[in-house]
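Subject: The structure I promised you

Hi,

Here is the structure we talked about, ready for you to open. Have a look around first, then read my notes below.

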Amino acid sequence: MSVMIGVEVHTQLNTESKIFCSDSTDARDKKPNENTCPICLGFPGSKPKLNKRALEFGMLIGLALNCKITGTMFFSRKAYFYPDLSKNYQITQYEAPVATEGHLAIGDEKIRIRRVHIEEDPAKLMYVDGDINTAKYVIMDYNRAGTPLAEIVTEPDFTSPKQVRAFLEKMSSILEHLGVYDSSKEASLRVDANISVDGGERVEIKNITGFENVEKALSFELVRQNGLRRVNATVKRETRHFNAELKTTSALRTKEFEEDYGYIFDPDLPTIVVGKDWVEELQANMPELPDQRVARFIKQYKLNDYTSTVLVYTDKCLADFFEESCKLYKKPEVVSNWLMNYILKSLNWRSERIRDSKVKPDTFIEMLKLIEDGKITERYAKELVKEYVDTGTSPKKLAEKNIVKMSEADVEKIVVQTLKQNSNVAEEYKAGRKESLQFLIGKVLAATNKQADPNIIRKLLLKELESK
Amino acid sequence: MLIATVRDYLEAVKSGEIKAEDFLPEAIQKAERIQKAYSPFITIDKKARPSASKGPLYGLPVSIKDSICTNGMQTTAGSKILEGYIPPFDATCVTRIKDSGAAIIGKTAMDEFGFGTFSTNCAYGAPKNPLDIERSCGGSSGGAGCITAAADFPHIAIAQSTGGSITAPAAFTGTVGLTPTYGRVSRYGLIDYSNSMDKIGVISKCVYDSALMLSVISGHDPLDSTSSEVKSEDFTKHLNSDVKGMKIALPKEYFSSGIDPKIAKLVRDKAERLQQLGAKVEDVSLPLTKYAMPAYYMIALSEASTNLAKFCGLRYGLQKEIQGNFDEYFSKIRTEGFGEEAKRRIIFGTYARMAGYRDAYYLKAFKVRARIIDEFKKTFAKYDALITPSMPILPPKFSDISKLSPIQIYNMDIMTTAPNMAGMPTLSVPIGKIDGLPVGMQIISNHFMEGKTIAIGAKIEELK
Ligand SMILES: [Zn+2]
């Protein structure tokens, strides 16, 4: 049975000020309703004024998704009564979105982009002692009201939930590379997905956050809808809600007709004519996009495709960190190896992004230099990583007590002594029990306080065992 | 000392002959007496003083239509739903008036949100015509017309027009009404009726006063994205411009059925006088005029129905004890807060933009507007100005207005809807009386050609 999936991705755009007034969009250290003014509170007589930067961010997204930029655009009022809308209408784009008819490649498949438009974010509602149905009252915070949002709508071109997740990961990386989106902000990417199977109606799943959740929600829906079709039951046209804890969806409301928002042109905001020059200027100053960056990593740092892809697509700041480190330590392969295999693992363990962590390029390469200079062993360095990631303390300082590596002659003495103390094990080895060697290496290493290189211990042990 | 005109007063203040601080309390006392007789005000500021230490309008009493926000002074737009609302900011035109040194003496009565032609849809009482208190002052800027006609002290009124709300009261009260080009005066701080047509303008005793005030309030404002980049100018300089050689047209659609023939004749007589002064006067036809009124109401009410959505008793204005859910609460507030005409227009406008109607009404009206603008533009390629009656009837009695259906009332706007929806500047000047009641003549010109209407208006004024 075939499946058709389309998504709408909503993202806050990280302009400094709101889309129609000069209030800051950054309310992280602000009291509720502190970042507000008569415009975003919809006071009588106030008028919106477009933040050109928000429009340009929308255009950049359109260009990155290979869209056509609309030549003449305007804003519309989407009218519905809801307390999070200060004017009881939302200023959005309806007939003339910023960009249309684009596409994004996911592997060998092309996902068509229907439109990209920008609009204002409503206020945040907080339900006190309950949810939307049970709360006695709601408190409103308009700090968020007027934050620019972009909505990206695809055609129903996806054929699997997995593909949707790949698309969202790529999209998020593109938005980060464009510098229009801050993935660290709360709920900065929200997804509505629609899914239909052969012979069934279109089902919409609203407001899912997290790419993993999108994949899970769609997978659940696919199984549910296919199950219904297998027994010839109908799949109703409806809107469903994803429960992230149960990993299931449930019906929200049955849509019998399209909601009628009575769109009109917003007469306070004049028509915007986007000339060729403007688009060309944006195109010329377009930041490097993730696919281009992967290609450059392969060429510039001689990394393989897999490594480059992981570095770029995991998180833009990981790729940035990699490049900064390479400026200080010119062995890209060593840098990427330590970064991906050890630092990243420790960070994941702490659920931390490298940008927000205590790991910094200068201290990170300090560790790589200590290894290169033979001042610490690789093995010891791997143990050091955890403490380094936890504390951010300079690896030089962390390794101080172990910084003097044992000379080979000293190690040899300990090898001889250890063999004496474990003569029975040595005999077993000679008798053919090869795994005894590993036990002996461990013993020597312990005796050296882990200051010796295991490879050297192995070499010396073999020399001793074979000479007798 | 009796000072008759704004011009004389400002000169007397400037020369030190009169002290504004001494004069203002006297003016306010007079305003209060007028208020008792004709109710032009919703709010009077008894302590009004010059808002700046100097400026071209230093010490001049100015009234502001109540749909224009005044920081710290109640602003209701004539509606109960905004009773007690004190704006936290000044409209841009108010800032400019304050910077010019004028004294804001009060806020004038109006049809709720501008919804009316006779100032009878007023939540705080209808202003009475000083020439005959049984008759209407016209609307929606009725309070502005009323105080201007009644003021026995120098004063200029700030009014506002969407589809004729300056011309109607000017005509009915025998005053001058200047409706500028759309975008000429910033709308920032104006409580919206129909944003694509709302224009702040002036009502005054004479053409000079309107030109003087327009010079103060016009000019680009970054807070209103629809405000024009065209620079402000000293509009009083046009008062001395000659009409000799000007080409003036009388559009026949504005002199046809539905218009009081006595009014039509008086306007034609004045046009003839302009011809005698050297203007070239011709008849033209503007065949699209008949589509203006319905298209105007489609656009105006579609926009109004979204503008009024924000009034829901949550953040400002009328509030009640919170009961029920959001829908129940705001329905209660809006049921109590809005008058009958506001409700009628919200319902009308909401239908016009709903799926199934939107293409046939709302979107089509935009096409009509584009055609009407085009028709005016073509006409103004050949003519400097158009001359029409301001209103099709003489100021009606309140007792007769109550017998009119909404459609009959909307039809009173036939002279004003086309130029207003096209954003053309108009000037209404009094041209005499019929049966003791004032008659106005409307001069329409091309975008940003207020100067031509002022030049013609000044000549008409001299003819009196
Ligand atoms: Zn704001």
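The side chains of A:Glu323 and A:Arg296 come together in a salt bridge, 2.8 Å from N to O. By salt bridge I mean a side-chain nitrogen of Lys or Arg within 4 Å of a carboxyl oxygen of Asp or Glu. This one ties distant parts of the chain: A:Glu323 sits in helix α7 (residues 316-328) of chain A and A:Arg296 in helix α5 (residues 290-300) of chain A, 27 residues apart. Helices (H or I, at least four residues) and strands (E, at least two) are DSSP runs, numbered from the N terminus. Over all chains, the structure holds 59 salt bridges. Side chains of opposite charge can pair when their charged atoms come close.

Some ground rules: this is a predicted model, where local features need pLDDT of at least 70, side-chain atom pairs count only at pLDDT 80 or more, and totals for chains, interfaces and linings use all residues. Residues are numbered from 1 along each chain as its sequence is written, chains are lettered from A and ligands numbered from 1 in the order in which they are written, and side-chain values use heavy atoms, with hydrogens and water left out.

Now the place where the chains meet. Chain A puts 35 residues into the contact (heavy atoms within 4.5 Å), and chain B puts in 39 residues. Together they bury about 2900 Å², 60% of it on carbon and sulfur atoms; buried area is the accessible area (1.4 Å probe) that two parts lose on being put together, summed over both. In chain A, the residues that lose the most area to chain B are A:Pro44, A:Lys47 and A:Phe81, together 23% of what that side buries.

Three salt bridges run between chain A and chain B. One salt bridge joins the side chains of A:Glu95 and B:Arg358, at 2.9 Å from N to O.

Next, the metal. Which residues hold the zinc ion? Its protein donors are A:Cys21 (SG), A:Asp23 (OD), A:Cys37 (SG) and A:Cys40 (SG), 1.9 to 2.4 Å away. Donors are N, O and S atoms within 2.8 Å of the metal (3.2 Å for Na, K and Ca); water is not among the atoms, so sites may look incomplete. Along the chain, the zinc donors follow the spacing C-x1-D-x13-C-x2-C. The four donor atoms subtend angles of 98 to 119°, so the arrangement is tetrahedral (four donors with all angles between 85 and 135 degrees).

Last, some backbone spots to look up. The peptide bond from B:Gly139 to B:Ser140 is cis, with omega near 0°, and B:Ser140 lies in the loop between β5 (132-136) and α4 (142-150) of chain B. A:Asn207, in strand β12 (residues 203-209) of chain A, has a positive phi near 55° although this residue is not glycine.

Cheers

Key:
Tetrahedral: all angles 85-135°; square planar, octahedral: opposite > 155°, others 65-115°.
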